[in-house]
Amino acid sequence: MCYFSLPLKNFEDDAMEEVLPEGKNFRLVDESELPEIIEYLGNFLPDSIKFHQTLKTYVNDRVWDFHFYVTKNWPEQAVILHFPGMTKTPNNKLYESFSVFCPCSQLENLELLETEDILIDWSQPIYLNFTHADIMSKIEEFYANIGTIEKLYGDVYGLVEPNLEETEIELTIAEQGEMSQLKKGNAQIIHDLYPANQMECIEVFEKLIEKLPCFGVFSAQGDLAAWMVQSYYGAMFSMQTRPEYRRKGYGIILAKHLTKLVTDRGYLPFVVIRPENDASKGLYAKLGFKKHFETVRAILRPFEETGESQGGGGDETVIENGVGNTVREMNGDVESKEDQ
């Protein structure tokens with residue numbers, strides 16, 4: 001189900017929007033700098049895993065057109081941003097959403113984010129993609145004087161002790177159907193059933209399927225029964241099984257297969273699981289995943305805009321509902337124990 005009542009253009013359609021070479025405290029990164037930045041962020045794993053893998057995916061696979069900024073005193077003041085932070089927002093403006101990383105031992109440097117008033121317009125709603133909870137807490141300290149924050153929490157689990165041996169259950173798939181790489185034509189149904197489709201556009205799913213490991217289990221009749229994809233920020237996400245195909249073990253089969261592929265391609269497998277989802281925690285524990293840290297996806301809404309939008313029902317309210325809707329399935333989640 002899509003919650004937008006009005007058609008929205010995609011970021012990549014907005015080719016006329018100016019990419020700023022610098023802000024007050026940040027400068028645009030040249031692509032030649034990215035490998036060195038990836039290496040630097042590797043010093044802060046696992047805290048940096050989401051941003052580290054976003055950069056690596058961008059360099060290797062170029063799924064989406066992101067723009068990366070670092071402080072003008074990088075790396076002495078190590079804060080890095082990328083715009084946009086997600087592939088769909090109400091106005092689909094380049095600087096309307098962003099992602100940020102700063103080493104947790106250097107959070108005082110986030111004052112540069114607080115005073116950044118060229119790249120970021122704090123007087124407008126801002127959509128912040130998955131961000132380390134410690135960083136979000138620091139943002140919340142200074143944003144409390146500007147507006148309110150709606151937050152959705154998740155736990156980042158990474159592969160620590162791999163347990164990816166083949167199991168007998170893979171043989172069951174062969175009898176009932178097959179597991180294979182998804183095709184572009186599968187993107188529509190995956191996007192339609194993706195609970196956070198208000199924050200990611202269908203085009204990004206098409207490009208993920210084209211460029212990254214994205215697999216589905218197909219029934220003997222050729223129906224897509226279950227699926228899982230690797231995201232543009234490295235995480236394995238959008239695991240779903242259609243109700244009529246649950247309780248067949250497809251979830252763990254897909255997770256195991258994708259984990260191995262992601263690892264073989266040089267990425268660091270990780271997922272984001274909502275805190276109350278014990279079924280997902282159990283599934284990934286079987287594969288050797290352990291919790292690294294808490295992460296937050298948020299909408300930052302200034303006081304003035306909050307007052308104007310109450311009861312308005314506009315596009316921004318729809319996006320806000322989409323964030324809450326994501327509680328049903330954050331990245332890496334499965335529906336229930338029966339789905340595994």
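Predicted model: local features only at pLDDT ≥ 70, side-chain atom pairs only at ≥ 80, totals over all residues.

Trainee: What is the phi of Ser238?

Mentor: The general idea first: most residues other than glycine have a negative phi, and most peptide bonds are trans. Ser238 is not a glycine, yet its phi is positive, at about 60 degrees.

Trainee: Is Ser238 buried or exposed?

Mentor: Its relative accessibility is 0%, so Ser238 counts as buried. Compare Arg247, another non-glycine residue with a positive phi, near 65 degrees. Arg247 lies in the loop between β10 and α8, and with a relative accessible area of 69% Arg247 is exposed.

Trainee: Which peptide bonds are cis?

Mentor: Among them is the bond from Leu45 to Pro46, with omega near 5 degrees. Pro46 has its place in the loop between α1 and α2. Another is the bond from Trp74 to Pro75, with omega near 0 degrees; Pro75 sits in the loop between β2 and β3.

Trainee: Now the sheets. What is the order of strands in the sheet with β10?

Mentor: Strands of a sheet pair through backbone hydrogen bonds, either parallel or antiparallel. Here, four strands form an open sheet in the order β7-β8-β9-β10, and the pairing is antiparallel. β7 and β10 are at the edges with a single partner strand each, so one side of each has no neighbour in the sheet. From one strand to the next, the twist averages 10 degrees. Five bridges link β7 to β8, and Ser180 stands opposite Gly216 in β8.

Trainee: Which helix packs on that sheet?

Mentor: Helix α8 does, touching β7, β8, β9 and β10, and its direction makes about 30 degrees with that of β9. Look also at Gln230 in β9: at 0% relative accessibility, Gln230 counts as buried. Its contacts beyond four places in sequence include Leu258, Val262, Met236 and Phe237.

Trainee: How many strands does the open sheet with mixed pairing have?

Mentor: Eight, ordered β1-β2-β3-β4-β5-β12-β6-β11. The twist averages 25 degrees from one strand to the next. For a pairing to inspect, take β2 and β3: they run antiparallel and are joined by four bridges, with His67 partnered by Phe83 in β3. Helix α9 packs on this sheet, touching β6, β11 and β12.

Technical notes
Residues numbered from 1 in each chain as written. Heavy atoms only, no water. Pairing = 2+ DSSP bridges. Helix = DSSP H or I, 4+ residues; strand = E, 2+ residues; numbered from the N terminus. Axes fitted to C-alpha atoms, helices over the stretch in contact; angles between N-to-C directions. Contact = heavy atoms within 4.5 Å. Buried < 20%, exposed > 50% of the residue type's maximum accessible area, 1.4 Å probe, protein only.
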